[in-house]
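Dear colleague,

I am passing on a structure for you to look through, and my notes follow below it. Please read them with the model open beside you.

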Amino acid sequence: MAFSAEEMLALYRKMLLVRRMEEKHGELLASGDIWMMGHFGTGQEAVAIGITAPLKKEDYLFPTHRGVGEFIGKGMVPKDIWAEYYGRTTGLAKGKGGLHLSDVRVGLMGLVGSLGADFAVAVGTALSSKMRGTGQVTMIYFGDGTSNQADFHPSMNLAALWQLPIVFACANNQYSELAHYRETTSTEHIAPRAAGYGVPWKIVEDGNDIQAVYAATAEAVDRARRGEGPTLVEYKTYRIAAHFTGDPGGYQPKEEIEEWKKKDPIDRFRARIIEQKVATADDLENMNREVIAEVEDAVKYAQESPWPAPEDIYQDLYA
Amino acid sequence: MPVITYREALNQALREEMQRDSNVFLMGEDIGLFEGAYKVTAGLFAEFGEKRVRDTPIAEEEIVGLGIGSAMVGLRPVIEIMTINFSLLALDQIVNNAAKLRYMFAGGVQMPLVIRMPEGGGNQLTAQHSQSLAVWFAHVPGLLVVAPSSPADAKGLLKTSIRDNNPVIFIEHFALYNTRGELPDGELLLPIGKADVKRVGEDVTIISHSRMVQVALAAAEQLAGQGISAEVVDLRTLRPLDKETVVNSVRKTSRAVVLEEGWPTYGISAEVTAFVQDMAFDYLDAPIRRIGGAEVPMPYARNVERAAIPSDQTVIAAVKELVA
């Protein structure tokens, strides 16, 4: 399936927005305006936006800590992200969540602190959808690093045993925290593990091609929605960013990073849009300026929002 | 009033709440076809079927995670963990997710989750299967922790726990399942966070929970024959603690013994002692005495295991020292 012109531009805009959001986060950290460290997903935008595009608003997504890609993809808006990053009352978690963004109105079930613990929680939302007969799909998005967490195994087992509507979406960005994934992972590919549980799997060799990401994911999402059970999809990509904003780096070869910069998913999608005459370079530059303005406005909104009151500290602890 | 066992009381609570609310469902290891390691779910698989009484793999962190996910989006899961000892495998789910997600999302999700599990020793099951770990959960803001001592309390508190929108750690005790007690007629719902005076007395207050309440009552009965009148307060809920009921009793008797089966260091008795001395200092005629299990991994040999668990005789000796 090919994207329509409108779809291409909407997806491109989201990818740009993710990149500009994370660049802004870096600037605000450097200037000391914000203190929350970033774990950016630079270079992985095609995966984050491509996997969320086939999901409906009411579908559940369990995100990763790596940047804002899938949050933007699922429909969270910049001002809600910045308000929470700034710890203000206008944040959806009223300054209690910070990095651990959630927006249940768009099915974003929040970032948990122990990556991989949400495998089981995601199987739980999928179980609930199935038991309630709502037709909702759950997606658990994770990286090659998290694929080695203990809950991966029982979650794949149960999702398959009970044929739950869930998609396991693995971004293999080749680095798990501060090491190449092959230093800590016994196999080159993650996805074939699914076969051990009787779960269909697929590898998207070019995870920097949003069309390829979208196509493979849409098939898995449709399968889940038809009640045919889980699928594991692995997307090969590359983490151009360091693990976190204080990461001194050095473990990713410079040549490797430069090589992957040439495969930047945003540049490639931009070239395709121009080549297919969906938009001109000028159009896309105008879009970029709009996106930058949207990010600036959202940051300003957060900066001007009130701090939470210390006396509200116990609010929302219990129902 | 009918007399039933603690096990039957729990079973009635589950059945009644499942009949009342189709969103209530059960998950755990061998709780369906086999009807539970301790038969608490007897008859429920036959009545409600495999969709609502779900046998799970042996994977505690997964079962609790499933409970959390399904509770976040519309269901009311009641999880059975075979014993509290295996809850250690699910601690991240309980402490990091069940207890915190509601707060971290500023109320964006509810967490109507009940995790049932028995604790305690006395069956020669040795160090890793005989622990009393309620305090680990009672330490965590965001959780409610309930530990009933009688069939009526077990039924009334389990029904309330299932209806509550917070995560409830519901602690049972191996040695209580066959104990019997009277059950009031009609719908039985008991509030979480309310202690109960199980025996009225004048000379000393014995504060306890779960099976140790039965030990305290046995001690009080013997003490009465020796001219000492002991009041027994059952905490029933460990988080939040009903300080008022405890303190009112101690203000009346002026002496307190705090009894728990678990290790007392940093334990429930430590917490109770702290607030009693704070709120009733001027009423105390003697230091508060604490009694707990021996601070060792539970040994196997029958006589040594018995010595490691507080008994009525331990309590009687402590009370006599206090009132002497």
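How many residues does the contact take from chain B and from chain A? It takes 41 residues from chain B and 36 residues from chain A, where contact means heavy atoms within 4.5 Å.

Before going further, some conventions: this is a predicted model, in which local features need pLDDT of at least 70 and side-chain atom pairs count only at pLDDT 80 or more, while totals for chains, interfaces and linings use all residues. Residues are numbered from 1 along each chain as its sequence is written, chains are lettered from A and ligands numbered from 1 in the order in which they are written, and side-chain values use heavy atoms, with hydrogens and water left out.

The interface

The size of an interface is often given as the accessible area lost when the parts come together. Here the area buried between chain B and chain A is about 3100 Å², with carbon and sulfur atoms giving 65% of that figure; buried area is the accessible area (1.4 Å probe) that two parts lose on being put together, summed over both. On the side of chain B, the residues that lose the most area to chain A are B:Glu62, B:Val73 and B:Tyr103, which together account for 22% of what that side buries.

Sheets and strands in chain B

An open sheet of 7 strands, with mixed pairing, runs in the order 3-2-4-5-7-6-12 in chain B. Helices (H or I, at least four residues) and strands (E, at least two) are DSSP runs, numbered from the N terminus, and two strands pair if DSSP finds at least two bridges between them. Strand 3 (53–55) and strand 12 (237–239) of chain B stand at the edges with a single partner strand each, so one side of each has no neighbour in the sheet. Strand 6 (residues 144–146) of chain B pairs with strand 12 of chain B in the antiparallel sense over 2 bridges, and B:Val146 has B:Thr237 as its bridge partner.

Strand 10 (residues 204–208) of chain B pairs in the parallel sense with strand 11 (residues 230–234) of chain B over 5 bridges, and B:Thr205 has B:Glu231 as its bridge partner there. In a regular strand the side chains alternate between the two faces of the sheet. Both faces of strand 10 of chain B are covered, with B:Val204, B:Ile206 and B:Ser208 buried on one side and B:Thr205 and B:Ile207 on the other; buried means under 20% relative accessible area, exposed over 50%, and partly exposed in between (1.4 Å probe, protein chains only).

In the loop between strand 10 and helix 8 (211–225) of chain B lies B:His209, which counts as buried at 5% relative accessibility. B:His209 and B:Leu259 are 50 residues apart in sequence, yet 7.9 Å apart in space, C-alpha to C-alpha.

Helix 9 (residues 243–253) of chain B has B:Thr245, B:Val246, B:Val247, B:Ser249, B:Val250 and B:Thr253 as its buried residues, and these pack against strand 9 (196–199), strand 10, strand 11, strand 13 (256–259) and helix 10 (268–280) of chain B. Just after helix 9 of chain B, B:Ser254 takes a positive phi of about 70°.

Rings and buried positions

The structure holds 15 aromatic pairs over all chains; rings of Phe, Tyr and Trp (its six-membered ring) pair if their centres lie within 6.5 Å, with planes under 30 degrees apart counted as stacked, over 60 as edge-to-face and the rest as tilted. One of them is the edge-to-face pair of A:Tyr175 and A:Tyr238, at 5.9 Å centre to centre and 90° between the planes. A:Tyr175 lies in strand 4 (residues 175–176) of chain A and A:Tyr238 in the loop between strand 7 (231–236) and helix 8 (254–261) of chain A, so the pair ties together parts that are 63 residues apart in sequence. A:Tyr175 counts as buried at 5% relative accessibility, and A:Tyr238 counts as buried at 1%.

A:Val137, in the loop between helix 5 (117–132) and strand 2 (138–143) of chain A, is buried with a relative accessible area of 0%. The C-alpha atoms of A:Val137 and A:Leu164 are separated by 8.7 Å, at 27 residues apart along the chain.

With best regards
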